[in-house]
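Look at how two protein chains meet. Then follow the report below, step by step.

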Number of protein chains: 2
Amino acid sequence: VSGRTLDINAWYAAGRLTAAGLHVSRITSVGDDHRKVTEALKKALRDSRFVLVTGGLGSTDDDLTNEIVASALNRPLCLDENMLRLIEKHAAVRGIKITASLKKMAWMPDGSRLLNPAGTACGFCIEERGVRLYFLPGVPDQMRYLMDKLVIPELIGTFRPLPVMRQRIVKLYGLNEPNIAEIFKDLHHAGGDVVLGFYPHFPENHITISLRGENEKSVTQELERVEQAIERLVGPYVFAKGIENMEEVVGRKLSDRRLTISVAESCTGGLIGHRLTNVPGSSVYFRGGVAVYSNQAKMNLLHVDPKIIDRYGAVSDATVRAMATSVRDVFQTELSLAVTGIAGPSGGSTDKPVGTVHVALAAIDNVFSKKYVFWGNREQIKLNTSMMALDWVRRYLDGHPFLPSI
Amino acid sequence: VSGRTLDINAWYAAGRLTAAGLHVSRITSVGDDHRKVTEALKKALRDSRFVLVTGGLGSTDDDLTNEIVASALNRPLCLDENMLRLIEKHAAVRGIKITASLKKMAWMPDGSRLLNPAGTACGFCIEERGVRLYFLPGVPDQMRYLMDKLVIPELIGTFRPLPVMRQRIVKLYGLNEPNIAEIFKDLHHAGGDVVLGFYPHFPENHITISLRGENEKSVTQELERVEQAIERLVGPYVFAKGIENMEEVVGRKLSDRRLTISVAESCTGGLIGHRLTNVPGSSVYFRGGVAVYSNQAKMNLLHVDPKIIDRYGAVSDATVRAMATSVRDVFQTELSLAVTGIAGPSGGSTDKPVGTVHVALAAIDNVFSKKYVFWGNREQIKLNTSMMALDWVRRYLDGHPFLPSI
């Protein structure tokens, strides 16, 4: 609660529990404070079927979990011989003396069941009025290990949720949020028991489709149906499904067709090349790029005719087409991308406001180009530009027309 | 609560509140569920003096905050004309139609006070039975902006902890975490009432120095003293203070000396150019770069001698020096950077494991180069490489030697 550390344990546990088909109703963080931990624990006991507590199991003064649990549940602290032996063994291996602080860890609330009694990562479990409580260490590695190895299997065994839980993710680009909200409304009606989630992820929008049910086949069929409904509504805007990102999709499509690509970047300064090369194995299709941030560089490296820049400006369709054609020649690739624009905050004019960007794609037999006006700050304009350029490759390879953003 | 997204808002807010001398007693996360949000809200009202709620203010169906607050506090939802105008203005700028979903955002609980009524990031504030409730958007950028600009100053004004509260941030690069922890230990003793915070921020490490006190002068003097103590310990590793980032520091130093720079990137694929051009006005000093991802490109664009690549390999000191010298000529800049390395996951060998990176800096009278072996995944290796290259420019301009990472 001091903001000093980011709570990745709760995030990890929630993800694992959700994936296992269990429902997380609340996540609470409190400081190392007797009253607050007690209160949070009692509240959890009142309205949950299982409770997961992390942290406070160590040997320092602010590790209070055992004491607090004992007093909150009115159980005495008892010396657990098993735990004591584990501590002694662990100390011996590391050449540490057994201190009172270390011994403290072996005093556990009456009725505790030790988790993982053979290993070094230790936690315990208590049943109280039909509620199962797990206490896990706060050290992320140990917590994750016990979670995956012991807690999740036990919980699934005990609570037997509807056995099958599946989730799909559909990723959209080029649709504005309010439009997705409108489309979403129709989907909610068509969805039946399917749970839809909507996550803006600038400049992308992700839709999750989840369903829990009795058997794999019916769950899969129902998810399929909703996914197809989404595709009918916004098909060309769906750039990826599942965990793939834009650069992976583009990379996969280029690899599949054995095509190579190069890039000429002005306002993005290298971002498109950076994204393409985030994908392992991208050297198969990415030959390289140039960041031509000055007019001089556009002329020297890409031989863009100074007359074109003079007449139409560096941010123009004519310039971006010349950049794309030339970089394709320089790197001898089948495809090339070029972008030029005004990322701001300065440099805009009435004619060409900040956010004005031209994108071009040069292929063997054609050059495509188009002007966009993106909204946002400098980094958002750069990100949107790189996203649009990459999406052009996807659309070109998929045979989609270059639809306007709606 | 599904574990799909990591809650960085709570972490950020807790950190800022703590640094401001306020005490966070509990952090609760619940899903988009009417009953659970209501319950959490009512509990917070019972035992807090101020409550901060993030998320659920948008235009989609699962944005329920306004409705839930209205019903939990027994207040009607009223159309806020100010908010409606903001939405209309925002929509007009982006060329979006006003839909019912968008309009929904302007229906706010009776008695709400709009935060930041002139800007695009919006939230609101309500007083209920002596408790101040803030409702902020879930989008991290907007939430942070409102938090820093409005909420924290208001809270400090209302709850009046010691009148003066100052915080400084010192950003380190090139020191490993365990070493900082050791250095930190000494600082804790020397620090007096100063609160030190330590935030790893891969690949950077940030130290915050905060102090609350009676008057500006004594607080500033004390912070100065601790900041100087840090500088004595790790001076050359301090690349920035306050909100500046590495590319801004490098940009400022280049601007100040009217120097220009160009980059030749292999394993980073464009990331260094991207970072340099994230800084507004970077066209003054950044002329451009090349991403030479294939050996062919290294030879064609940068005229790297094929014999050098044959003899020493593409990942070698000889190659990176040739790249740096050549790109400096191509773009006619005073300085240039070059990097070549193995970002993985494949491509490593016993001699040159994944993470092996060569960095070079070419200046008017000299070329510096050095080999590093970075640890991490592909993106981490790329990030560390770009960071190290940029840090070389800073160190060169500051006259620091090229210290090894410790």
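## Where the chains meet

Across the interface of chain A and chain B, 33 residue pairs are in polar contact, both at pLDDT 80 or more. A polar contact is a pair of N or O atoms within 3.5 Å; within protein, one must be able to donate a hydrogen and the other to accept it, and residues adjacent in sequence count only if both atoms are side-chain atoms. Strand 13 (residues 286-292) of chain A gives the largest share of the side of chain A that touches chain B, seven residues. Strands are DSSP runs of E, at least two residues, and helices are runs of H or I, at least four, numbered from the N terminus.

This is a predicted model: local features need pLDDT of at least 70, side-chain atom pairs count only at pLDDT 80 or more, and totals for chains, interfaces and linings use all residues. Residues are numbered from 1 along each chain as its sequence is written, chains are lettered from A and ligands numbered from 1 in the order in which they are written, and side-chain values use heavy atoms, leaving out hydrogens and water.

Four salt bridges link chain A and chain B. Each puts a side-chain nitrogen of Lys or Arg within 4 Å of a carboxyl oxygen of Asp or Glu.

| Atoms paired | Distance |
|---|---|
| A:Glu39 and B:Arg26, closest N and O atoms of a salt bridge | 3.5 Å |

B:Ser266 sits in the loop between strand 12 (261-265) and helix 10 (271-276) of chain B.
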